[in-house]
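Subject: Structure handover, aromatic contacts

Hello,

Please find the structure below, for your files.

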Amino acid sequence: MFTPNLLTANDKAGAYPASYYAASANATEPFAKLEGDQTCDIVVIGGGFTGLSSALHLAERGFDVVLLEAHRVGWGASGRNGGQVGSGQRREQDDLEKMVGRDDAKKLWDIAEQSKDIVKSLIAKHDIKCDWKPGILHADHRARFVDDTHAYCDKLREEYGYNDIRSVDRAEIREMLGTDFYHGGSLDMGAGHIHPLNFALGIANSARAAGARIFENAFVTGYENKAGKVTVKTKDGATITANKLILGCNGYLDALDDRVARRVMPINNFIIATEPLGDDLARELIRDDVAVADSKFVINYYRLSADKRMVFGGGETYGYTFPSDIKAFVSPHMLEVYPQLKDVKIDYGWGGTLAITMNRMPFFRKIDDNTFTASGYSGHGVAMATLAGQIMADAVAGTMERFDVMSNLKIPVFPGGKALRFPLLVAAMLWYSIRDKI
């Protein structure tokens, strides 16, 4: 049976989608096209945050690195997402304490804090122009959620020593956001938001300056391990031979490695960007210019761009094709929160493919003696994927401590494997979307 490839199902080969991020991307010298066979110490597949960070940190350690990207650097979810740099793991610490115990939950918290730190440090060290702004507001769309949110703020301050978060009541959240949709929440000023494509391009330029060889339009068709060497083959017939391999493909893995695909599933998410709103309306909608993520199961996430557009993400699909009219697909989610935007022009609408796991924790593994992978960030990947690259570079160099903490997480196989994971997830998400509505 023919199965379309997510790398080609919705987008033009070798071109960024028509997104606000692509339209406002920093000018960057083109990366090379792969011509002929190559040899190197480490080959990295995937030019998103995971792969680029791996290449940068390996090159800085003196390794000879080749990175292969099927389209353009930052072409996938890394250059299409909501740009939120959040605190903690994808699961809250209460859940993690039950999953792995208090000690390992604390290690996971510390790693998550490092993931924010690495984003900020790379921006500063390499002077990456990506519109960093502090603050994420978690907004509860049900009044019954607020007490738990406030209790969780207390827990983070009292048990984890995290003092950058505070509770927000109903009156304050309605002053902070120009909507009556929410009942309270929490404000995390240790978190923040960025222009994600420009962040990815900044890491790529830094990796190239450190000596990594980055090739765009290098579509990988498969790889094999033999006699301690990895051989990667591309669509154009080139072969890359390396000592070790890093898979940084996330939602675009497809059939490249079934051992990963059984635990990591792609889903599609969608974003719109309005016309510039002007200072007054922008301040009315998000007074303090923070990013917002709400409590709906199919989450709404949004923020203001540097030029005062509303960049609003909402709605998911499961499968291979995007909606024919993404602007029309996402707009109702935005207008439910902000009906006053009904006459505002939508300039951009785009989709992207991220990856989730069954328990929403990332999948780190050493799947062969010389093959490492990290993916399945479940919507929490801007910071964690960037750190994953550094963690895997450490692991390749023999420092396994953080990699072991992450790889010890039990990530279940999707029921029914690859064949049934889509219909089962669709059924589950339909239920949750109905629950959100009622």
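This is a predicted model: local features need pLDDT of at least 70, side-chain atom pairs count only at pLDDT 80 or more; totals for chains, interfaces and linings use all residues.

A search of the whole structure finds 14 aromatic pairs.

Two of the pairs share Phe403. In the pair of Phe364 and Phe403, the ring centres are 6.1 Å apart and the planes meet at 70 degrees, so this pair is edge-to-face; the angle needed for that is over 60 degrees. Phe364 belongs to strand 17 (residues 363-368) and Phe403 to helix 12 (residues 401-407), so the contact ties together parts that are 39 residues apart in sequence. Phe364 has 0% relative accessibility and therefore counts as buried. Phe403, at 2%, also counts as buried, since the cut-off is under 20%.

The pair of Phe372 and Phe403 has its centres 5.6 Å apart and its planes at 80 degrees, so it is edge-to-face as well. Phe372 lies in strand 18 (residues 371-375) and Phe403 in helix 12, so here the parts tied together are 31 residues apart in sequence. Both Phe372 and Phe403 are buried.

Elsewhere, Tyr20, Tyr21, Tyr348 and Trp350 form a cluster linked by ring pairs.

As for charges over rings, the charged end of Arg208 sits over the ring of Phe31, at 3.9 Å from the ring centre. Arg102 lies over the face of Tyr160, and the distance to that ring centre is 4.6 Å.

Regards

Terms used. Residues are numbered from 1 along each chain as its sequence is written. Side-chain values use heavy atoms; hydrogens and water are left out. Rings of Phe, Tyr and Trp (its six-membered ring) pair if their centres lie within 6.5 Å; planes under 30 degrees apart count as stacked, over 60 as edge-to-face and the rest as tilted. Helices (H or I, at least four residues) and strands (E, at least two) are DSSP runs, numbered from the N terminus. Buried means under 20% relative accessible area, exposed over 50%, partly exposed in between (1.4 Å probe, protein chains only). A charge sits over a ring if NZ of Lys or CZ of Arg is within 6 Å of the ring centre and within 35 degrees of the ring normal.
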